[in-house]
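Trainee: I am new to this one. Could you show it to me, so that I may ask about it piece by piece?

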Amino acid sequence: QVQLVESGGGLVQPGGSLRLSCAASGSIFRIDLMGWYRQAPGKQRELVAAITSGGSSNYADSVKGRFTISRDNAKNTVYLQMNSLKPEDTAVYYCNAFVTVGGIRRNYWGQGTQVTVSS
């Protein structure tokens with residue numbers, strides 16, 4: 001089995017910063033695309049940022065220039081550095097990864113971490 005465990009969420013004032021981490025564990029052969037999604041109350045889950053194993057990344061327009069996604073392949077970990085946070089960034093943030101285990105590629109989700117931007 002594969003587990004994705006997020007950390008780093010919390011309460012921050014507008015304009016502040018947070019860094020989210022997501023570590024994958026288990027009998028992992030390979031991790032391809034990793035990403036962060038978020039879901040605000042009453043809204044659909046949306047992609048925030050994603051990164052390939054080679055380091056290519058893409059971002060939602062709403063976070064471009066403020067958020068940076070990165071990964072450490074040796075540690076099976078993906079990060080999301082969030083700067084200049086706005087109240088509209090408030091949401092539960094979920095880690096997502098495509099992981100190959102035993103020759104089978106599956107999509108996995110973390111349990112989510114709450115990010116609240118408020119004064």
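Trainee: Leaving aside its neighbours within four places in sequence, which residues is Arg-30 in contact with?
Mentor: Please keep in mind that this is a predicted model. Apart from those sequence neighbours, Arg-30 touches Phe-98, Val-99 and Thr-100.

Trainee: And where is Arg-30 found?
Mentor: Arg-30 belongs to strand β4, which covers residues 30–39.

Trainee: What does the side chain of Arg-30 make a polar contact with?
Mentor: Its partner is the side chain of Asp-32, at 3.1 Å.

Trainee: How exposed is Arg-30?
Mentor: Arg-30 has a relative accessible area of 40%. Because buried means under 20% and exposed means over 50%, Arg-30 counts as partly exposed.

Trainee: What separates the C-alpha atoms of Arg-30 and Asn-76?
Mentor: A distance of 9.0 Å lies between those C-alpha atoms, while the two residues are 46 residues apart along the chain.

Trainee: A change of topic: how many disulfides does the structure hold?
Mentor: The structure has 1 disulfide. Cys-22 and Cys-95 form this bond, with their sulfur atoms 2.1 Å apart.

Trainee: Which parts does that pair tie together?
Mentor: Cys-22 sits in strand β3 (residues 18–26) and Cys-95 in strand β9 (residues 91–101), so the pair links parts that are 73 residues apart in sequence.

Trainee: Are Cys-22 and Cys-95 buried or exposed?
Mentor: Both Cys-22 and Cys-95 are buried.

Trainee: Lastly, why is the disulfide called left-handed?
Mentor: It is left-handed because the torsion about the S-S bond of Cys-22 and Cys-95 is about -80°.

Notes: Residues are numbered from 1 along each chain as its sequence is written. This is a predicted model: local features need pLDDT of at least 70, side-chain atom pairs count only at pLDDT 80 or more; totals for chains, interfaces and linings use all residues. Side-chain values use heavy atoms; hydrogens and water are left out. A disulfide is a pair of cysteine sulfur atoms within 2.5 Å. Helices (H or I, at least four residues) and strands (E, at least two) are DSSP runs, numbered from the N terminus. Buried means under 20% relative accessible area, exposed over 50%, partly exposed in between (1.4 Å probe, protein chains only). Contact means heavy atoms within 4.5 Å. A polar contact is a pair of N or O atoms within 3.5 Å; within protein, one must be able to donate a hydrogen and the other to accept it, and residues adjacent in sequence count only if both atoms are side-chain atoms.
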